[in-house]
Amino acid sequence: MSFRSLSFQRCLQTFVASSFNSKDKTYRYFSSNPAFALQQPRKASYNEDENGDMEWKKLGFGPVSTDFMYSMKCCEDGKFVQGNLTHYGNIEFSPFAAVLNYGQGIIEGLKVNRKEDGRLLLFRPDQHALRMKMGAQRMCMPSPSIHQFIHAVKQTALANIRWVPPPGKGSLYIRPLLIGSGPVLGVGPAPEYMFLTYASPVGNYFKQGKTPLSLYVEEEEVRAFSGGVGGVKSVSNYGPVLKALVRAKTLGFSDVLYLDSVNKKYLEEVSASNIFTLKGNVISTPPTSGTILPGITRKSIIEIALGLGFQVEERSISVHELTEADEVFCTGTAVGVAAVGSVTYRGTRFEFKVGENTVCQALGSTLVGIQTGLTEDKKEWIINIH
């Protein structure tokens, strides 16, 4: 089987090897090309001049063209071979590609943060790799091994190191993408696959920054249904939310809160994040039973909350329970931990506690502290990249 789906301009030919120090969870990189300085170990210091004229204060959540991306292809035996870095650019493949015609694709998203000493921190990349493998199985796709996934993410982060925002000014968002790139006409799995990782520096996901969200409960459109792919990060998951999302934003809301497809009664997800409610000392979130994405941030917040002494329930939450909730918040890699100030349901607006001294703030601060190296990582969630 020939692999002609992918062509890049100005392809950078380099061999890169990495070594992993399991004791301190640190990766160091070496290149056979001395001119490729981005692959050399860097000093543990940070110079803002490395980032050129980037205005970090204006950084939002949108595509910024960085320097390099990492690509890997699938062999005939269904296994991915060693990939390589190339200059960031457009890709080409057949109009018959399975991802274009039938949506055979899986995405992931994770962030790299910079410490004050210049080191780069990766948060739980193994969990993202596992989630991609699970999603790939559902979509009848081969997937990179966990090692290959993490290696690709590390390579992409290091190669684009000058695009990692200064401490406290944002993150480098890395997007792993697994697609059926091979041509098909009848419905069926692709004959070949492509795995890419590329990056963009990002700030706050929502345009209003850290202002509490105002959500609109959608009753007509549904995000997912039982037996579908709502529980995996399929590329086909996000198109269906656009109609309701555009309508809600036109009305002045931040985002949409979806209900279950059967009863139109139970909370499911926001467009791209999980939902939590708080009543007293009890934190509740809908179970990931097939229609809800098992978020890595969701999982982390549950563990943090339990460690702080909260009771956490994964259960069905009726939309009517919002009338009694003290706090509501969303979690996701892109959004972080975002406080919800209000939810509007059938014309009635329910408001919740936000701001200082809230549980949402405490959980979010703890998470960010671990992600940015300001708080001791007792759970071994962080990988240091040198």
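Visitor: Which residues of helix 5 are buried?

Guide: Happy to show you! This is a predicted model, and in it helix 5 covers residues 296–307. A residue counts as buried when its relative accessible area is under 20%. In helix 5 that picks out Ile296, Thr297, Arg298, Ser300, Ile301, Ile302, Ile304 and Ala305.

Visitor: What distance does helix 5 reach from its first C-alpha to its last?

Guide: Helix 5 has 12 residues, and at 1.5 Å a residue the expected value is 16 Å. The model comes close to that, with a reach of 17 Å.

Visitor: Why do the buried residues of helix 4 line one face of the helix?

Guide: Start with the names: in helix 4 (residues 242–250), Ala244, Leu245 and Ala248 are buried. An α-helix has 3.6 residues a turn, so residues three or four places apart point the same way. On the other side of helix 4, Lys243, Val246 and Thr250 are exposed. Seen down the axis, the buried residues line one face because they fall within an arc of 100 degrees.

Visitor: What covers the buried residues of helix 4?

Guide: The buried residues in question are Ala244, Leu245 and Ala248. Their cover includes strand 10 (213–218) and strand 11 (255–259).

Visitor: How many aromatic pairs are there?

Guide: Rings pair if their centres lie within 6.5 Å. By this rule the count is 7 aromatic pairs.

Visitor: Are the rings of Phe149 and Phe195 stacked, edge-to-face or tilted, and why?

Guide: Their centres are 6.0 Å apart. Planes under 30 degrees apart count as stacked and over 60 as edge-to-face. Here the planes are at 45 degrees, so the pair is tilted.

Visitor: Which residues do ring pairs link into a cluster?

Guide: Tyr205 is partly exposed at 30% relative accessibility, whereas Phe206 is buried at 9%. Ring pairs link these two and others into a cluster: Phe61, Tyr173, Tyr205 and Phe206.

Methods. Residues are numbered from 1 along each chain as its sequence is written. This is a predicted model: local features need pLDDT of at least 70, side-chain atom pairs count only at pLDDT 80 or more; totals for chains, interfaces and linings use all residues. Side-chain values use heavy atoms; hydrogens and water are left out. Buried means under 20% relative accessible area, exposed over 50%, partly exposed in between (1.4 Å probe, protein chains only). Helices (H or I, at least four residues) and strands (E, at least two) are DSSP runs, numbered from the N terminus. The arc is that of the directions from the helix axis to the C-beta atoms. Contact means heavy atoms within 4.5 Å. The expected span of a helix is 1.5 Å times one less than its number of residues.
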